[in-house]
Amino acid sequence: MVDGYDAALFDLDGVIYLGPVAIDGVTEALSDLRSTGVHLGFVTNNAARTPATVAAHLRDLGIEATATDVVNSTQATVRMLQSDLPAGTRILVVGTEALAQQLRDGGFEPVSSLEDDPEAVVQGYHPELDWHLLERGAIAIQNGAHWYATNPDMTRPTERGILPGCGAQLAVVRACVNVDPKVAGKPFRPLLDETVLRLGADHPIFVGDRLDTDIMGANAVGMDSLFVFTGAHGKDDLLAAEPSARPTHIGWDVASLLQPARPVDVDDNGVIRCGDQRIHLDDGKASLHTEPGTLEEQLDALRALLHAVWELDATPGAVPARLDRLP
């Protein structure tokens, strides 16, 4: 699949790792991908760490990476701020010290007190967020400060389960104000535009585990995408996805890039096929006429079913329950 692209861009949480743990097989798959000559980039909505820290984490997991291979939502936020605000603007930071440092490096003055009369508020994910910081952010916005957010992710996939993300922290402040933040991260354009600019990619593919950020973000900039099942979303999310959140390809994990794309065909009798799997339509209802047992067979069955639902407006019936190997 990767042969048609000059770069493969990866979300991190749920695609490359879950918290501190690499997803099974990802290290070997990335090494094999590098050997093809394709440029690899790592793109994260999470603004809690600097690119250098993220790259160090990747190297600890056995993944070759430098800070220039990593683009985070703070970098996109900084570029957005630079187009909106003059250098030296005082910004109340509702996030980590890493976020503050990147704002400082971008020419702004991070502050932590309302007494500093901040002209803007920048909010990013903080794993140990002080509630009083949320309160200061809300008051600053009520007082007229411009509100920016690094990313909107409501949840984060981790090795322990699904946890609240930056979007959940934004919602606390949003409950107190009458404006929405200006957002840099996926699914909004700034982060992926920043990534393409920094990595010099002409025809990349984006790999993600979330439809509402990764896949919608790729679609927003006209980029092909691969959805993987190792993170936040699963088969039911795919079946319910609106056109703006539908990926170009689906695969179990990042190693799918090293396999051929799996085409879906409709024969003269209206039978939808992917590999050996067959979906029939009866009065607009999709039914599975094969017995997918292996993971690969279930992925083919889902590809055929998605074609029926997305392209032919069919209803999936009881098929998803039979795809029990897929989350």
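Glu-194 and Arg-79 pair up in a salt bridge, with their closest N and O atoms 2.3 Å apart; the term covers a side-chain nitrogen of Lys or Arg within 4 Å of a carboxyl oxygen of Asp or Glu. The two partners come from distant parts of the chain, Glu-194 from helix H7 (residues 189-199) and Arg-79 from helix H3, 115 residues apart. Helices here are DSSP runs of H or I with at least four residues, strands are E runs of at least two, and both are numbered from the N terminus. Glu-194 is buried, at a relative accessible area of 2%, whereas Arg-79 is partly exposed at 41%. For these labels, buried means under 20% relative accessible area, exposed means over 50%, and partly exposed is in between, with a 1.4 Å probe and protein chains only.

A word on the model: it is a predicted one, where local features need pLDDT of at least 70 and side-chain atom pairs count only at pLDDT 80 or more, while totals for chains, interfaces and linings use all residues. Residues are numbered from 1 along each chain as its sequence is written, and side-chain values use heavy atoms, leaving out hydrogens and water.

Back to the charged pairs. Side chains of opposite charge can pair when their charged atoms come close. The count of salt bridges comes to 15. One of them joins Arg-34 to Glu-64, with 3.8 Å between the closest N and O atoms. Arg-34 sits in helix H1 (residues 26-35) and Glu-64 in the loop between helix H2 (51-60) and strand S5 (70-72), so this pair ties together parts that are 30 residues apart in sequence. Arg-34 is partly exposed, at 25% relative accessible area, while Glu-64 is exposed at 56%. Glu-97 and Arg-104 also meet through their side chains, at 3.5 Å from N to O. Of these two, Glu-97 counts as exposed, with 53% relative accessibility, and Arg-104 is partly exposed with 37%. Elsewhere, Asp-11, Lys-186 and Asp-214 are linked in a network of salt bridges.

Helix packing comes next. The axes of H3 (residues 73-84) and H4 (residues 97-105) come within 10 Å and cross at roughly 40°. That angle makes H3 oblique to H4. Axes are lines fitted to C-alpha atoms, for helices over the stretch in contact, and angles run from 0 to 180 degrees between N-to-C directions; under 35 degrees is roughly parallel, over 145 roughly antiparallel, 65 to 115 roughly perpendicular, and the rest oblique. H3 supplies Thr-74, Gln-75, Val-78 and Leu-81 to the contact, and H4 supplies Leu-99, Gln-102 and Leu-103, contact being heavy atoms within 4.5 Å. By class, that gives four nonpolar, three polar and no charged residues. Nonpolar covers Ala, Val, Leu, Ile, Met, Phe, Trp, Tyr, Cys and Pro, charged covers Asp, Glu, Lys and Arg, and the others, Gly among them, are polar.

For H5 (residues 131-142) and H6 (residues 166-174), the axes come within 9 Å and cross at roughly 50°. H5 is thus oblique to H6. Trp-131, Leu-134, Ala-138 and Ile-141 of H5 meet Gln-169, Val-172 and Val-173 of H6, and these residues divide into six nonpolar, one polar and no charged.

Finally, Ser-112 lies in the loop between strand S7 (109-111) and strand S8 (120-123). Ser-112 is partly exposed, with a relative accessible area of 49%. Leaving aside residues up to four places away in sequence, Ser-112 touches Leu-92 and Arg-136.
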